[in-house]
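Let's take a walk through this one together. Have the sequence and the 3D view open as we go.

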Amino acid sequence: MEEITKEIGKGIYFHALKTDKYKTDRISVNLIVPMSEKTASAYALLSYVMRLGSRNYPDFTMLNRRLDELYGAELSTDALKLGANQVVNFQIVYIDDKYCLMGEEITRECGRLITDIITKPLVNEQGFYEANVLLEKENLIDAIDSLINDKRGYAISQCLSMVGRGDKAFLRRYGRREDVEILNGRDLLSAYNTLIKTADIRIFCTGNGDYEALAEDMREAFSLIEREPCQIETASFYPVGDFVLEKTEKMDVQQAKLCMCLRTRERVEQKDKTAFKFMSAVLGGTPSSKLFLNVREKKSLCYYCSCRYMSMSDIMIIDSGIENENVEKMKEAVLQELESMKNGCITDEEMSNTRKLLVNSLRSVEDSPSAPESWHLRDLSEGGHLTPAILIEQVNSVTKEDVINAAKRMELDGIYLLTNEEAE
């Protein structure tokens, strides 16, 4: 695979992975800014409104007609979270150039379209058109409201907000419902002008197109914009608290959701993060993990139980679905499994199974057009500049002692319970 990486403007980085591995290719433009409660809702709404057209495609019908001409290319937008940053994402997925019937340069055409959407938004002197804003406000509010329907995700989000101590890394990617409700077209134009000027822009392309030409097209389009780009922020570190935070929320749920958050007293250095990921996988990240085999299968204390280490914030979160009467038993069982690891109760089979799973996961990074982008963005936010190959070497070098030492550093910081309204 041939990689192309270049800076095509002030704070605008073009990264392409040239390969004929896929039948569909992808261009993704990510505008990255520090997360802020003041701007989160406006930027999220922008991602919705801007997908409706541009000055060259002033209505949704014309835009869709153009996408149909590009062999049914699919344009999508969203607001994402990346550690302590918010990402306004634009992406277009299309067939590889070699499948075009008339030899069209569809990569360049799709690149021009997505650049047009970003740099020439559909606005008038007053701002974004109010009809479009009202329509997409409803859609965004529906998306915010729907987050509560995913009870597992909701519980994890509530737990992280509780232990986040107000840090921006734990703000919600769509902001707050009440903030969305008061936005208008003028507000969005002001937010757009700030976003396009200050965002760190990362462009990712995967496929087999003429990326040198595409990079030049994009450089020319963005050169007309005055830029003062910000820096991608790393998440702040907070040590484990002096006491365990606890919160119980009652809701109409069929099974209770228990989330336990653990963190360290000192920040985990970059060189040690792989051992912490390994440790969390041994504890509850694989089908052969301790929580799955001992707590779920043998003790039947939960419907599911998993563990993951969030390396951006040095937090490990264990979440489970349980019956109300098993809450205390579940807490005790989870802490017992962690304690057993601290005492060295880790088998060679557990180490081998976990190592294989982590290595296979890293090797699969290039199996889909979107995976390399996710990898690079996450690596940027962590300030690591690590490749999958380097991490595979690190995973293979992790010892049982490394895993034990990582477990020893983890302490309980917060417990969140989402339970049935009828529970006592």
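Which strands does helix α7 (residues 185-198) lie across? The answer is β3, β5 and β8, with α7 running at about 105° to β3. Helices (H or I, at least four residues) and strands (E, at least two) are DSSP runs numbered from the N terminus, and angles run from 0 to 180 degrees between N-to-C directions of axes fitted to C-alpha atoms, for helices over the stretch in contact; contact means heavy atoms within 4.5 Å.

A word on the source: this is a predicted model, where local features need pLDDT of at least 70 and side-chain atom pairs count only at pLDDT 80 or more, while totals for chains, interfaces and linings use all residues. Residues are numbered from 1 along each chain as its sequence is written, and side-chain values use heavy atoms, leaving out hydrogens and water.

Now for the sheet. Its 6 strands form an open sheet in the order β1-β2-β8-β3-β5-β4, with mixed pairing; two strands pair if DSSP finds at least two bridges between them. At the edges sit β1 (2-9) and β4 (74-82), each pairing on one side only. From one strand to the next, the twist averages 15°. β4 pairs with β5 (residues 85-95) in the antiparallel sense over 9 bridges, and Thr-77 stands opposite Phe-90 in β5. Helix α1 (residues 40-49) also has a place here: α1 lies across β3 (24-34), β4 and β5, at about 165° to β4.
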